[in-house]
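Please look over the structure shown here and read the briefing that goes with it.

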Amino acid sequence: MTVPPVESAFAVFDAQDSGCLSYGVEEAGRRWLVKTATTVEGRTSLDRACAVHAAVRHPAIVRPTWTIHGTAGPTLIYPWYDGNVLNHATVHGADRSALTRFQRLPVPQVEVALDAILDAHLAVSAVGLVAVDLYDGCFLYDFAATRMRLIDLDEYRRGPFVLAADRLPGSRRYMAPEEFTRGAIIDERTTVHNLGRALHHLLDSPADRRGPQNSPQAWRGNGDQRRVVERATRQPPAARYPDVPTLVRAWRLATP
């Protein structure tokens, strides 16, 4: 397959800060998402994405059907899936209207979606990768089919590793303290924190229903689930669950 030109796109996502351009095209009755680099940083990110998808396969993780290598780096062509990204973040700001809609779903439906996220990270853990830049912009939810998919896991890396920069890419709402500390060890306990924050945000009430200062009444899960989240997101890495499988087991025991 050759790279479809952006001029043929029915949707263009060009206001990203990732150094990549993504656009949707239709060929022979099928829709695809094309992702290509526009900067050196974007090329590095897509090189990482190639490594991630070569290592991990899971039904919830959207992986490219084709990877086309050129002088500007790889172009990844993914199947197009209907749905809404829970946080449509651009250089102009963030649109979390889909997250608000998701947070109003019945709790059992949310729990099924959360289990898909956790189960995908069992596959990530099994091949020695750690989560980097995991946030609600990685969650594509199909409200009609009630199905959660994960996208844009481009920054995931082999772990453990030592942070050689002042911080990792990502959303502060999801990141662990060590992701802001040069020389810190980034390992599965960091992924545990990221997932704990995801569980917290997605099973929380919408912002317009939380009351003053995010009161405890905003939590839509049960007490056992709340305690799992609390341990997963503790500040010291050693105080968290030691790895993703242990977190997932604890969450599933806490979930009716």
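The notes that follow take up a pocket, the cysteines and the salt bridges in turn.

This is a predicted model, in which local features need pLDDT of at least 70 and side-chain atom pairs count only at pLDDT 80 or more, while totals for chains, interfaces and linings use all residues. Residues are numbered from 1 along each chain as its sequence is written, and side-chain values use heavy atoms, with hydrogens and water left out.

**The largest pocket**

- The largest pocket has a volume of about 1,300 Å³, a volume being the space filled by probe spheres set on grid points that are joined across faces, edges and corners.
- A pocket here is an open set of points, on a 1 Å grid over the protein atoms alone, where a 1.4 Å probe fits and where protein lies on both sides within 12 Å along at least five of seven lines; its lining residues have an atom within 4 Å of a point.
- The lining of the largest pocket is made up of 45 residues, of which Gln16, Tyr135, Gly137, Ile151 and Asp152 are the closest to the pocket's centre.
- Among the elements that give two or more residues to this lining are strand 2 (20–27), strand 3 (30–37), helix 1 (40–55) and helix 2 (97–103), where helices (H or I, at least four residues) and strands (E, at least two) are DSSP runs numbered from the N terminus.
- Sorted by class, the lining holds 19 nonpolar, 16 polar and 10 charged residues; Ala, Val, Leu, Ile, Met, Phe, Trp, Tyr, Cys and Pro count as nonpolar, Asp, Glu, Lys and Arg as charged, and the others, Gly among them, as polar.

**Cysteines**

- The count of disulfides, each a pair of cysteine sulfur atoms within 2.5 Å, comes to 0.
- The sulfur of Cys20 is too far for a bond, because the closest cysteine sulfur, in Cys50, is 11 Å from it.
- Cys20 is buried, with a relative accessible area of 6%, where buried means under 20%, exposed over 50% and partly exposed in between (1.4 Å probe, protein chains only).
- Cys50 is found in helix 1, and, leaving aside neighbours within four places in sequence, Cys50 is in contact (heavy atoms within 4.5 Å) with Thr67, Pro74 and Leu76.
- Although Cys50 and Asp154 are 104 residues apart along the chain, their C-alpha atoms are separated by 8.0 Å.

**Salt bridges**

- A search of the whole structure finds 13 salt bridges, each a side-chain nitrogen of Lys or Arg within 4 Å of a carboxyl oxygen of Asp or Glu.
- One of these joins the side chains of Arg48 and Glu155 (3.1 Å, N to O), and the pair links distant parts of the chain, with Arg48 in helix 1 and Glu155 in the loop between strand 11 (147–150) and strand 12 (157–158), 107 residues apart.
- Within that pair, Arg48 is partly exposed at 28% relative accessibility, whereas Glu155 is buried at 14%.
- Arg173 forms a salt bridge with Asp136, the closest N and O atoms being 2.9 Å apart, and the pair ties together parts that are 37 residues apart in sequence.
- Asp136 is buried at 0% relative accessibility, while Arg173 is partly exposed at 23%.
- Asp166 and Arg182 also form a salt bridge, with their closest N and O atoms 3.1 Å apart; both residues lie in the loop between strand 13 and strand 14, and Asp166 is exposed, with a relative accessible area of 51%.
- Lys35, Asp152 and Asp154 are linked in a network of salt bridges.
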